[in-house]
Amino acid sequence: MTEQTQSYLFLAVLLGVAVAFPLVMLGLARLWATVYSPAKPGPAKAAPYECGLESTGDAWVQLRSGYYLYAIVFLIFDVEALFLLPFAVAFTSLPVGAFVAILVFLLLLVEGLVWAWQKGVLEWN
Amino acid sequence: MNDLVLMGLEGAVLVTGLAVLLLDLWITPDQRRLLGFGAIATLGVIFCASFAYLPDGTQYAFGGMYALDEFALYFKRFFLIAGMFVLLLSVGTSHAEEGGQGEYLSLSLFALAGMMFCASAANLALLFVSLELVTVTFYVLVGFQRRRLASLEAAIKYLIIGALSSAFLVYGIALIYGATGTLDFRQLASLPAAVMESRILWLGALFLFVGLGFKMAAVPFQIWAPDVYQGAPPSTTAFLAVGSKAAGFVLLLRVLHQTLPVLETRWLHLLMGVAGLSIAYGVLCAIPQRSLKRLLGYSSIANAGYLLIGVATLSAAGATAALYYLAGYLYTVLAAFIVIAVVLQHTGRDDFDSLAGLHQRSPLLAAGLTFAMVSLAGIPPLAGFFGKFLVLKAALAAGAEHPGFYWLLGIAVVGVVISLYYYFGVVRAVYWGTPGEQPAGPIRVEWPLQVALYLAMVAILWLGVMPNQITNLAELAVKSLGLR
Amino acid sequence: MEAVFFYLFAAATLLCGFLVIANPFSRNPVTSAMFLVLTIVSLAGLFVLLHAFFLAAVQVLVYAGAVMVLFLFVIMLLDLQAEERRSFKKLALAGGGLAVVVIALLAHAAVRESPLGTAAPPMVEGSPRALGKLLFTEYLLPFEILSVLLLVAMVGVILLSRKEAK
């Protein structure tokens, strides 16, 4: 057995445990419920608990579109961070041009950040 | 260092775009116009600098990824001219009320840089990335007037179909890589014949063609064109019509002749079919149109067909004709969209009724639109005529080998005749249309637009009367592509 | 062993991908989004089989993580009821089906004529180190254009979705 398949084996065991563990727990809970607390549903029991208040309206609320902008700016910087990792790992074997390239890459994104900042995108109101 | 010098033109455009984006943050709205003129002047300088590049043969940079030859230079100049006109148009019509002009300028510059990279792409990775730069920028440019529902609708349509075509493009590239193990154009060209016969490679190339066909707005990848042309701001539409289309053609020609010559024979019927269908579809659908922008959308599809005839001949004459045709089309479309932009600003509409009485309200606009329409219709002595003449001549010569070209020739000629009807419908609306209840005061055209319109008209006439200078350049470009 | 995993992941990808667009049990977009997460994770599994470990990690981090957050945001910004009531258009279904059939026929014809795996497969090692070296030497120019692309994406998205300041 090669080293590679062994590492796969580890993954497979991990996967098996990860699947089995919650299944066992859920199964035990189910067993407990059927033995000790059989279901007796009623309108009062089925109502959502809202600190004693009557619940009103839908559980779906529209988010403010402001969150969306943050999410998307985060996404772009997330993608940027991705490129930094292979650069950092390969750093020692790269020519000087690569260093300049990543510098330009970072500067461009900083320019984007400066632009967004100046446009007032980062202000929460 | 030498690499950077070779891609100096694109680099300069990119730096200009970045500078405009930053400078726009700290200037007053009055200075915005100056910023625009500064950007245009910089593009002018870059255009002049392009003549300092005298490649003897093809020069490669970045490990063969980037090719600089006469062919690339021809298209770079083409894109630069288009970019200058588009910036002039956007400064003149000023989208300032729609979120800021500085961003519009810099995004246009980034799209321009992407097109110029397309002209030099000698690697499928660079091809994809630069094409994406163009496409993604256009998603934003199309939806730039986000207060207008039509603009947003156009952006959504362009986004969805563009994403689909990008998926085909990248899948095609993956298949080509899977079949050959390389992305480099020169390595692809020197593959052994056995690998060239791989059907996987052909399938990949076919998907690549889907992606390029979307850019060219050729049938059956044309479905977005009319809606997007109609909804987008006029300067964006003009850029889309000339720049984006030409980006598709520059890549098609390079892939066809320099990268995978095996496709030349394989794709003959495909190209001929797509050309014929594009002409037929564009011409027939343009007949009932009442909106000028929509009409030009369908006309753009038909023109993609004429250009594809030139490409399909697989001859130097055909490619030269296509290159000349593109140059003529550039000025013609720009002239038309300058007029449309001004009319839109004054009437808020672009249908034929809003054109009525235009010759009284502004003789210059009327003359400009007439020039554009007559040139599009292919009437001598304007640029559009000579372009169609060259394309049809090349098709006639190719007909000796492949009789299918006679059919294509027939479709093209019938298409020209039908197109006379709707192009002259526009001219008739301008000079003999009965104005409705709309105010018929004179239209004042801002001086940047006047300059742009005069230049475009002169260029249309000059290209038509003295075609030799451009055809010589085009021949030089085609020769560097290795076509005889 | 690898073949088994390949078929496992491929089947999971296809099944989950199908459930994203046409789930017979739920028309709720959030369910679709969750199946998209599963699709992406199975794709990451395929990448691992191809020794593209970095890409697999990226796939999970960016797509299953960040992009998914964005999707859920958009779902919550929209009116869900309209989507649940929306019916499929017959013509669109037929067109899509036709496209799938044509592409499948093309792919089948291509693979039958020149079977896969005959040409030497390009050997690329997918470790971050190898990827970094390749990205910053051979593919330096596309990388730089990519940075401009990211900038354009950022500026464009903010322009299009920002509320007017004044």
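Visitor: Where in chain B is Ala459(B) found?

Guide: In this predicted model, Ala459(B) belongs to helix H22 of chain B, residues 447-465.

Visitor: Why does Ala459(B) count as buried?

Guide: A residue is buried if 20 or more other C-beta atoms lie within 10 Å of its own. Ala459(B) has 21 C-beta neighbours inside 10 Å, so it counts as buried.

Visitor: What makes chain B as compact as a globular protein of its length?

Guide: The globule rule gives 23 Å for 484 residues, and the radius of gyration of chain B is 21 Å; the two values are close, so chain B is as compact as a globular protein of that length. The C-alpha atoms of chain B fill a box of roughly 70 × 55 × 40 Å along the principal axes. The secondary structure of chain B comprises 23 helices and 2 strands. Among contacts in chain B with a separation of 6 or more, 79% join residues 24 or more positions apart.

Visitor: What share of the residues in chain B is buried, and what is the corresponding share in chain A?

Guide: In chain B, 61% of the 484 residues are buried. In chain A, buried residues make up 10% of 125. Chain A has 4 helices and 0 strands, in the order α-α-α-α from the N terminus.

Visitor: Which residues have the most contacts inside the largest nonpolar core?

Guide: They are Tyr66(B), Leu326(B), Leu330(B), Leu334(B), Ala335(B) and Ile338(B), in a core of 235 residues. Helix H16 of chain B, residues 316-347, gives the largest share of this core, 23 residues. Tyr66(B) is in contact with residues including Leu6(B), Met7(B), Ala122(B), Leu126(B) and, from chain C, Leu141(C), neighbours within four places in sequence being left aside. Another core, of 5 residues, lies apart from the largest one; Leu36(C), Ile40(C), Ala44(C) and Ala56(C) are among its members. In soluble globular proteins, nonpolar side chains tend to be buried together.

Visitor: Why is Pro86(A) called buried?

Guide: The cut-off is 20 or more other C-beta atoms within 10 Å. Pro86(A) has 21 such atoms within 10 Å, and therefore it is buried. Pro86(A) is found in helix H3 of chain A. Beyond four places in sequence, Pro86(A) touches Phe54(C), Pro128(C), Leu131(C), Gly132(C) and Leu135(C).

Visitor: How many residues of chain A are in contact with chain C?

Guide: There are 40 residues of chain A in contact with 35 residues of chain C. On the side of chain A that touches chain C, helix H3 (65-89) and helix H4 (96-118) are the elements that give two or more residues. H3(A) supplies the largest share, 18 residues. By type, the residues on this side of chain A are 29 nonpolar, 7 polar and 4 charged.

Visitor: Why does Ala217(B) count as buried, and why is His51(C) called partly exposed?

Guide: Partly exposed residues fall between the limits of 12 or fewer for exposed and 20 or more for buried. Ala217(B) has 29 C-beta neighbours inside 10 Å and so counts as buried. His51(C) has 16 other C-beta atoms within 10 Å, and is therefore partly exposed.

Visitor: Which peptide bond at Pro220(B) is cis, and which one at Pro381(B)?

Guide: The bond from Val219(B) to Pro220(B) is cis, with omega near 5 degrees. Pro220(B) is placed in the loop between helix H10 (199-216) and helix H11 (225-231) of chain B. The bond joining Pro380(B) and Pro381(B) is also cis, with omega about 10 degrees. Pro381(B) is placed in the loop between helix H19 (363-377) and helix H20 (383-399) of chain B.

Terms used. Residues numbered from 1 in each chain as written. Chains lettered and ligands numbered in written order. Predicted model: local features only at pLDDT ≥ 70, side-chain atom pairs only at ≥ 80, totals over all residues. Contact = placed C-beta atoms within 7 Å. Nonpolar A, V, L, I, M, F, W, Y, C, P; charged D, E, K, R; others polar. Core = buried A, V, L, I, M, F, W, Y, C linked by C-beta atoms within 7 Å. Rg over C-alpha atoms; globule rule 2.2 N^0.38 Å.
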